[in-house]
Amino acid sequence: MKTTLDELLALTRVVDTGSITAAAEQLGQTTSGVSRALSRLEEKLEVTLLRRTTRRLELTEEGATFLAQARRILASVEEAEEQMALRRQQPAGRLRVNAASPFMLHVVVPLVAGFRERYPQIELELNTSDQIIDLLEQRTDVAIRIGALRDSTLHARPLGANRLRVLASPAYLARRGTPQSVDDLAGHELLGFTQPDSLNQWPLRTADGDTWAITPSLRASSGETLRQLALEGGGIVCLADFMTAHDRAEGRLLPVLEAHTVEVRQPVHAVYYRNTALASRIGCFLDYVGERMRA
């Protein structure tokens, strides 16, 4: 579009006030600035919009036709701005959220009812993926990622952190015995991840350092699958607290090698693209989840 909103505004104000000087005062501009805007507009349209005399300004026939369109355009822009202001006060629209299935099940899902009650005009769409996704390709507004971030093209907001613990079910420990040292794990069933391999570095203190690389007896891509396997007595697992809080509280999973465990916390971030101001529906979702994770 060649014509600018400033030029349309200059034309309508000049017509409404009856003079360039009065229009300039209303717009907070100089008289010469408004005059130049009108001249640019006429040059772009290649028509005369206003006849200028020493006493008054008069619309040409072309000017009257164009003015009607200009008013409609400016009214539409004003209405759009008002709608955006209203959305900031009452966030609305579809919000597509992606997270690994364990985080979605154990953290996001329990918060949905309260979030929808507070923001009834936001339409949530929840998707799960245990692999890192392309936000644009998957049409995702915000994704929750656990662990170190690698994609520098994204904006990120920290939501919290979760401690890692080594755990097993009472049934497994009764059947196979409780390991007393890290070396004892060599004789146990260890449940690990298919990828990334960093998730198979357990926070256990040894003579060589504060991590111990396991060789999994069984691998899975999802932490929720590993949790279920551990609950069924399938072996020893290392998982984040957000997945196992209820299991530990109710005695379904028990800490293993607590004296040898280093306190390691996995960071949790929300990542999103942002070219301008953060959409209010995204901001209120991040605030809501962050507040409850910290609590």
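What follows is a chat about the labels and the rules behind them.

Modeller: Ground rules: this is a predicted model, where local features need pLDDT of at least 70, side-chain atom pairs count only at pLDDT 80 or more, and totals for chains, interfaces and linings use all residues. Residues are numbered from 1 along each chain as its sequence is written, and side-chain values use heavy atoms, with hydrogens and water left out.

Colleague: Why is Thr 244 called buried?
Modeller: Buried means under 20% relative accessible area, exposed over 50%, and partly exposed in between (1.4 Å probe, protein chains only). Thr 244 has 0% relative accessibility, so it counts as buried. It sits in helix α8, residues 241-249 (helices are DSSP runs of H or I, at least four residues, numbered from the N terminus).

Colleague: What does Thr 244 contact, leaving aside neighbours within four places in sequence?
Modeller: Leu 167, Leu 239 and Leu 253, where contact means heavy atoms within 4.5 Å.

Colleague: What makes Phe 103 and Phe 242 an edge-to-face aromatic pair?
Modeller: Rings of Phe, Tyr and Trp (its six-membered ring) pair if their centres lie within 6.5 Å; planes under 30 degrees apart are stacked, over 60 edge-to-face, the rest tilted. Phe 103 and Phe 242 are 5.3 Å centre to centre with 70° between the planes, so edge-to-face it is. Phe 103 is in helix α5 and Phe 242 in helix α8, so the pair ties together parts 139 residues apart in sequence.

Colleague: And why is the pair of Phe 115 and Tyr 119 called tilted?
Modeller: The centres are 5.1 Å apart and the planes make 45°, so the angle falls in the tilted range. Both residues are buried, and together with Phe 285 and Tyr 288 they form one aromatic cluster.

Colleague: What lines the largest cavity?
Modeller: Val 108, Leu 111, Val 112, Phe 115, Leu 124, Phe 285, Tyr 288 and Val 289. A cavity is a set of points on a 1 Å grid over the protein atoms alone where a 1.4 Å probe fits but cannot get out, and lining residues have an atom within 4 Å of a point. Helix α5 gives the most to this lining, with four residues.

Methods
On a 1 Å grid over the protein atoms alone, a cavity is a set of points where a 1.4 Å probe fits but cannot get out, and a pocket is an open set with protein on both sides within 12 Å along at least five of seven lines; lining residues have an atom within 4 Å of a point. Helices (H or I, at least four residues) and strands (E, at least two) are DSSP runs, numbered from the N terminus.
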